[in-house]
Amino acid sequence: MKLKSRPAVALLSLSLAAIALAGCSEEAAGGDDNGSGGGDSAACAPEDVQLVGQVRNESNPYEASWLDGGDAFAESVDLEQQRLTYDADSTKQQEQISQLLAGDTNCLVMNILPNGDSDTLPIVEGAQDAGAYLVTQWNKPVDLNVTDYDTWLSHITYNGVDSGKQIGDALAEAIGGSGGIIALQGILDTGAAKDRYAGLEESLAENPDVELLDQQTANFSRAEALEVTKTLLAKHGDDIKGIWTANDDMALGALEALKAAGKEGEVAVVGIDAVPDALTAIESGAMTATVSSDGPWQGGIGLAIGYCVATGELDAADITDDERAWFAEQFLITDENVGDFTSPSVDDSEFACDNLFNRSQGAIS
């Protein structure tokens, strides 16, 4: 995934660099007065900004695309992104964050996927204490408020209830409105998993002839989904007409299990994330639907928000409360529109400092 050419960014970078050499503004977003951390009163020169993206692992194509999007944004502003993965290990994630925050945080920008809701608070408090600019995505406790912090600039997520219901409805339609299905849940200590499953429950309520035969967690993992699906196929056999999964990696694991059981193409499968293999499966008819949250855009937008504040192009005080915690746009993909998503690209104008929140679907209530 490559960003389109961005002459405006080059001009902006030159302009900001000139400002930095001439003497930076004393009115950038605040913090402590000790001269360290992102709270320094002077805006950063663009070339001094450190960009960090952190996800669970790159074996998940969606998360890999997130980091690729971060690389593309970084390249557009003549920087490099530090790519971090923590293998879905909360302890490892916190250790990586601690190491980052123990270093030079003066112009540090972090775009972070917390492993679970309970992992978000220590990340946020660490960034606040160090003065590092932070954008989080997907996971945070409901009662943890972005507006209570200065350098936690924004939290971006998606209406998981809506996406879970969308694929639930698509699954119901694919099996003719009646029949048995199984569900593979994600990591249970995440808002995404909880909300998506709640969306399935809403879909089931509206499609009473669709029966949920069984549900188990497969932790957003293709390998786990393969084994769980094998077990459930052995348990329920031909009663399974459809498989609802909380992400595409699990959907792909379910497809592998179906193929091994000689049921490829006989059972409808839905997921979320629009990873390349899932799109290919939709094109071939092996998979029914997915929902795109646009991983490359996510990887870029989190860094872009932090970069714009760090360089002084965007005043943190001008980010509205509704932009501090918000739902971003998502897209249902079926065989009817899959061709529109098979060659993803992000228009870099979406990362312009005056256009960062153009995909907002409203504040998280």
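**Close-up 1. The salt bridge between Asp117 and Lys194 in the predicted model**. Asp117 and Lys194 form a salt bridge (a side-chain nitrogen of Lys or Arg within 4 Å of a carboxyl oxygen of Asp or Glu), and their closest N and O atoms are 3.8 Å apart. The pair links distant parts of the chain, since Asp117 belongs to helix H4 (residues 117-130) and Lys194 to helix H6 (residues 191-206), 77 residues apart; helices (H or I, at least four residues) and strands (E, at least two) are DSSP runs, numbered from the N terminus. Asp117 counts as buried because its relative accessibility is 10%, whereas Lys194, at 44%, counts as partly exposed; buried means under 20% relative accessible area, exposed over 50%, and partly exposed in between, with a 1.4 Å probe and protein chains only. This is a predicted model in which local features need pLDDT of at least 70 and side-chain atom pairs count only at pLDDT 80 or more, while totals for chains, interfaces and linings use all residues. Residues are numbered from 1 along each chain as its sequence is written, and side-chain values use heavy atoms, with hydrogens and water left out.

**Close-up 2. The salt bridge between Lys263 and Asp238**. The closest N and O atoms of this pair are 2.4 Å apart. Lys263 is buried at 15% relative accessibility, while Asp238 is exposed, with a relative accessible area of 55%.

**Close-up 3. The salt bridge between Asp87 and Lys92**. The side chains of these residues meet at 2.7 Å, N to O. Asp87 is partly exposed, with a relative accessible area of 48%, and Lys92 also counts as partly exposed, at 30%. The structure holds 15 salt bridges.

**Close-up 4. Helix H10 and Gly312**. Helix H10 (residues 295-310) has 16 residues that should span 22 Å at 1.5 Å a residue, and its end C-alpha atoms are 23 Å apart, which agrees; the expected span is 1.5 Å times one less than the number of residues. H10 is mostly covered, with 16 of its 16 residues buried, and just after this helix Gly312 takes a positive phi of about 85°.
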